[in-house]
Amino acid sequence: MSEKEKELIEKAKEGDEKSFEVLMEENYQRVFNLAFRLLRNEDDAYELTSDTFLRAYQSLGKFRGASSFYTYLYRICLNLGINRIKKKKILTVPVKDKEIPGVNGPIEVYQNKRLKEAIENALRHLSPRERVVFLLRHNEDRTIKEITQLLDIKEGTVKATYFHAIKKLQEFLREYL
């Protein structure tokens, strides 16, 4: 964490709203991007982003500064996002866009689109925790240790959750494997 960020956090904790606004401006786009990747809906992502900053502001006194402010926001956004997914039973989960080598004809493009749709459909069958762990591991290339810290759950739980998510996806995507 930079000295500037530490100073802004301390001022914000003392009630300086301008300092919190600066922190918010510096992190807004990254938090929004995470919210959008989680919910796949722009309106929901804006709402989740707002809720994240509101929660961060309300609980700023609890922020110990052991990590960067963005990591703090990231955890808040993830937890609120998981709760929102559970409540609304949001079914869409993003799939990392990766080009398949050699895709240049209409048949290959159609097959690639069909595979992507099948993956998104398979992801709908995962529990909210499985989806978030899979998203963090696959789409954001987070390590198991990072996921453990972000979600505040045990390493064994993360590994088991990821394993179950992979097994379920393999089952649903059997015809493509």
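Author: Helix α7 (residues 144–151) and helix α8 pack with their axes 9 Å apart and at an angle of about 110°. Axes here are lines fitted to C-alpha atoms, for helices over the stretch in contact, and angles run from 0 to 180 degrees between N-to-C directions. Helices (H or I, at least four residues) and strands (E, at least two) are DSSP runs, numbered from the N terminus. The model is a predicted one, in which local features need pLDDT of at least 70 and side-chain atom pairs count only at pLDDT 80 or more, while totals for chains, interfaces and linings use all residues. Residues are numbered from 1 along each chain as its sequence is written, and side-chain values use heavy atoms, with hydrogens and water left out.

The two helices α7 and α8 are therefore roughly perpendicular to each other; angles of 65 to 115 degrees count as such, under 35 as roughly parallel, over 145 as roughly antiparallel and the rest as oblique. The crossing of α7 past α8 is right-handed, a term used if the near helix is turned clockwise from the far one by less than a right angle, and left-handed if anticlockwise. On the α7 side, Ile144, Ile147 and Thr148 make the contact, and on the α8 side Glu155, Val158 and Lys159 do so, where contact means heavy atoms within 4.5 Å.

At 9% relative accessibility, Phe134 counts as buried, that is, under 20% relative accessible area, with exposed over 50% and partly exposed in between (1.4 Å probe, protein chains only). Tyr162, at 21%, counts as partly exposed. At 0% relative accessibility, Phe69 is another buried residue. The rings of Phe134 and Tyr162 have centres 6.2 Å apart and planes at 20°, so this pair is stacked. Rings of Phe, Tyr and Trp (its six-membered ring) pair if their centres lie within 6.5 Å; planes under 30 degrees apart count as stacked, over 60 as edge-to-face and the rest as tilted. Because Phe134 lies in helix α6 (residues 128–139) and Tyr162 in helix α8 (residues 155–172), the pair ties together parts that are 28 residues apart in sequence.
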